[in-house]
Amino acid sequence: MNAPAKTVGTSVKRTEDARFLTGRGRYTDDINRPNQLHAAFVRSPHAHAALGEIDKPSAMDVPGVVAVFTGADMAADGVGGLPCGWQVIGKSGVPMKEPAHPPLAVGRVRHVGDTVAVVLADSRHAARDGAEALMIDYDPQPAVVHLADAGAAGAPQVHDEVDGNVCYDWEIGDQAATDEAFGKAAHVTRLELVNNRLIPNAIEPRAAVGEYDPADGSYTLTTTSQNPHVIRLLMCAFVLNLPEHKVRVVAPDVGGGFGSKIFHYAEEAVVTWAAAKVGRPIKWTAERSESFMTDCHGRDHVTTAELALDADGTFLGLRVKTLANMGAYLSTFASSVPTYLYATLLAGQYRTPAIHAEVKALFTHTTPVDAYRGAGRPEATYVLEKLVEKAARELKMDPAELRRKNFIQPDQFPYQTPVALAYDTGHYEASLDRALELSEYSSFAERRAASEAKGKLRGVGFSCYIEACGIAPSAVAGALGARAGLYEAAEVRFNPTGSVTVFTGSHSHGQGHETTFAQIVADRLGVPMANVEIVHGDTNRIPFGMGTYGSRSLAVGGSAIARAIDKIIDKGKKIAAHMLEAGEGDIEYKDGVFSVAGTDKSLTMGEIAFQAYVPHNFPHDKLEPGLDESAFYDPGNFTYPAGTYICEVEVDPETGHVHVDRFTAVDDFGTIINPMIVEGQVQGGIAQGLGQALLEGAVYSDDGQLVTGSYMDYAMPRAQHIPDYRFDFTCTPCTHNPLGAKGCGEAGAIGSPPAIINAIIDALGPLGVDDIPMPATPLAVWQAIQDAKGGTARAAE
Amino acid sequence: MYAFEYHRPSSLDEAVALLTSEDIKPLAGGQTLIPTLKQRLAMPEALVDLGRIEALKGIRKEGDAIVIGAGTTHAEVAASEVVRGAIPALARLAGLIGDPQVRNRGTIGGSIANADPAADYPAAVVGLGATIHTNTRTIAGDDYFQDLFTTALDENELITAVSFPIPQAAAYEKVANPASGYAVVGVMVAKTAGGVRVGVTGAGPCAFRATAIEDALARSFTPEAAKGVAMPADGMNSDIHASAAYRAALISVLASRAVAACGG
Ligand SMILES: Cc1cc2nc3c(=O)[nH]c(=O)nc-3n(C[C@H](O)[C@H](O)[C@H](O)COP(=O)(O)OP(=O)(O)OC[C@H]3O[C@@H](n4cnc5c(N)ncnc54)[C@H](O)[C@@H]3O)c2cc1C
């Protein structure tokens, strides 16, 4: 029998798409249980208010309303607060402040959209009618919204017990060495910037269905989550105090997460708890305006950064000070994002010998901020790549050549950065050179002249990003404050008749795991892809899982599968040795066939699997029946995808409109399993980065109302905004996982914003504009041009 | 959405007969009304769906004008050979509204009745000197838009059609709000037998004629003449997407581009 053709490295079409494209996906909102109730959450209209009386009868009187619960009801049942998974220890050993985050507010509301009560009713509409009718006494109080104000003396306090709204004040790197580097610098480039707050906007809003079965006291929560096991762990251990074996969490098809569905949200705990209270299943699906107000937001940093260089452009030191907005409460991963996922990346692709970064995290009366595609790494890349480009302008050096001069060289790996990480491998010049070629950088001047002839300004911008993916080696994560290891689990079950069921702790919500993982399994076990089923998203079926985020699924989850496959093959060798009456050491395995070395005796994987389940003559002391193996894979290091992005924009100086004319992306993701899926990930990532750079920005009014609370005001990238992409890959395989894979899910969102902004600044240079904020909306660009002209248009206002 | 009664008359008379109070609203494409209801920002007792009234449909040339039934969708106007032949700027304007879904549902009557300050059609009504036909009378385009979401229509007066005189030349230029697609500023420039008209939407509380630019273009129908007029920012809309000064500047820029597109 010939093994099926190898699939790894080929663009196999996504097997899951048939169901998604024909409306057969199974999402949480598709689930309806007999006798279910619908939940409507009552949300604070105020950014900050003392919570007075909640008049339950006002809602209970509405026809169809069955129950109303408040924070007091949950507290009476001993329900705990939503926990944070990472502890950050600040300067001089001061641990971060973790104020209580009750699922339903107690005593005080702290952001517009804060969850105050839940109304349960026979229909969605009745629940909403009840929520609208519920009379609540609010005593509105002054709110603090912007980072610049949160730390000021006399600022309104978000939590009484958190002085000055400081969650933590943290640092990394060698301050003395950095000061010394600046002391001997020939040139210092300085930059102030804001990394704009983003609202994730997954296409599927969050939803949850809670069920309780009094027959055995068990609970089932179906939820839109990227990591059902983590939700079960957090909800059971910290919030509801339930034994894990009595709680099943299912995350079925999930329509996009981008990080926003990692976190344990109040609504999940409330529907689970309330299902037992009322003895009926409870369903909730967010409306889009709820998503805007309550899905954790992303980014929101204010940063000053300085780069010290010697006279010929060699980087000597980097100093970064960042304020990070946590919002009103500490969400699940929030504390780690501006610290371990941000400041540790500030070395970038460069040999900067001394780096010191300080990060102060502040609470404000806004929606909690947490990981969003890239999580910390886009912020780091934006700081560094804007700074490097500015240095090149100031030193009148070519921005590509300044970078090249400072790259970590291929023979310097493994490379220990001054900010904790040790890069295993990379070849940054290879990506840069390929990107220069693909983008036709050498003929840029001609295109610039052609644009000028049309009255347009053309600019080119670079970004050489690096990211740490495959979060995370548990030892490192633990040392950095993670309260759990971040390994991944997999089980590979060979069924008696030759098909394979794979249970993975990773979760696919757009990534295409059902295809990519099946490719790995098919190739390694010599079975057709059609015989491989990937199961994810159910704590009752999968041994354990840390979930999908941080571009970890292939590097960590895929590696766990590879390890389990190794165990299957080892077991298969034992079975083959027994069947073929050979020594185990003489059995060779290749492409689904076990053979005795130097003979023509062989058995196929299918035959072995069948024998494993009909083991009439197995030596029971040496060989167990069955062919089902599991593995927990804990990575040895992070993986370090890196690449070069080059963007060319054309700016209309009269309207401020920016057109991204071409975008070149050359990424090194290590070994690639499915190039089509990877390209799709990069395309989507760049679209989101373009959104951040040009369109998206959450705006709060000074009193804490979310101005950009709908698509009328929050601009998402659309097909028309997406440029002509030019893609290629370079490859230095990851040195420490069995697949050589590094992860590709976030690169586009990490690498693209500085390339776009740098290109706009380059375009506007001739007009005297030397900076532009994100998002670089037509207004922002036009205003920058007017300001550079000397404010004539402002005066007219 | 709150519960409401739903009527679907098949004639204009029936519709008019059903519209007996201010709590009963006509429903056209629903692109503004339905989102308003979904957000519970309105609580009508009943909706009268105009979608099955044949008399409100269709595009025809009548003498020197193009007459468009109130129930005609933006997509129909954008694709109409009649409109493209006589007033290509109007077809272009319709094709720039929102996205395909919105253009396939939204109607000219609904848009003009709603009078969103950032809607596109108002620039054409004012810029081309259109006439609004209702079930009771005709209203000159210049008199129709009165303020933010306020028109000359009486309670429950129904727009039946809009007629646009065919200009010698016309062009529409728009800077779209990146979030909503609506006009931050939209400018319709038309050369007509009666002189140059410049209709502006998006910039003020409702569509208006930029008379300073009209005067400049009357003297010299050139892009430079339009660009040379500095529009005052006073009274212009200001929001997170565009300051008053930016909007004022855009009027001249877009007018000059429209003049260029007219061949001026
Ligand atoms: C996402 C989105 C983007 C959009 N972008 C744009 C854009 O770029 N430019 C733009 O101009 N518009 C835009 N719109 C609005 C769109 O053009 C709508 O079509 C328009 O505002 C309303 O038309 P309608 O037919 O949908 O009316 P409806 O929503 O049904 O009705 C609107 C109002 O008009 C009243 N009404 C309807 N018909 C009549 C009539 N014949 N006589 C009297 N009153 C009537 C209704 O009672 C209601 O009060 C957008 C809408 C959406 C949802």
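Trainee: How do you know that helix α19 of chain A has the span its 18 residues should give?

Mentor: Helix α19 covers residues 747-764 of chain A, and at 1.5 Å a residue it should span 26 Å; the end C-alpha atoms are 27 Å apart, so the two agree. The expected span is 1.5 Å times one less than the number of residues. This is a predicted model, in which local features need pLDDT of at least 70 and side-chain atom pairs count only at pLDDT 80 or more, while totals for chains, interfaces and linings use all residues. Residues are numbered from 1 along each chain as its sequence is written, chains are lettered from A and ligands numbered from 1 in the order in which they are written, and side-chain values use heavy atoms, with hydrogens and water left out.

Trainee: What makes α19(A) mostly covered?

Mentor: Of its 18 residues, 17 are buried, that is, under 20% relative accessible area with a 1.4 Å probe and protein chains only (exposed is over 50%, partly exposed in between).

Trainee: And what makes both faces of β26(A) count as covered?

Mentor: Strand β26 takes up residues 642-651 of chain A, and 10 of its 10 residues are buried. On one side these are A:A642, A:T644, A:I646, A:E648 and A:E650; on the other they are A:G643, A:Y645, A:C647, A:V649 and A:V651. By the way, strands are DSSP runs of E with at least two residues, and helices are runs of H or I with at least four, numbered from the N terminus.

Trainee: Which strand do 10 bridges join to β26(A), with A:S463 in it as a partner of A:Y645?

Mentor: Strand β18 (residues 457-466) of chain A, which runs antiparallel to β26(A). Two strands pair if DSSP finds at least two bridges between them, so β18(A) qualifies. Strand β27 (residues 658-668) of chain A is also joined to β26(A) by 10 bridges and runs antiparallel to it; here A:E650 stands opposite A:H659. The hairpin of β26(A) and β27(A) has six residues between the strands, and A:G656 takes a positive phi near 80 degrees.

Trainee: Why does A:N165 count as buried?

Mentor: Its relative accessibility is 1%, so A:N165 counts as buried. A:N165 lies in the loop between α5 (147-150) and β7 (166-173) of chain A, and has a positive phi of about 65 degrees although it is not a glycine. A:N201, likewise not a glycine, has a positive phi of about 60 degrees. At 8% relative accessibility, A:N201 also counts as buried, and its place is in the loop between β8 (187-195) and β9 (207-213) of chain A.

Trainee: What makes the peptide bond from A:I471 to A:A472 cis?

Mentor: Its omega is near 0 degrees. A:A472 sits in the loop between β18 and α14 (474-479) of chain A. Another cis peptide bond joins A:M774 and A:P775, with omega about -10 degrees; A:P775 is in the loop between α19 and α20 (778-789) of chain A.
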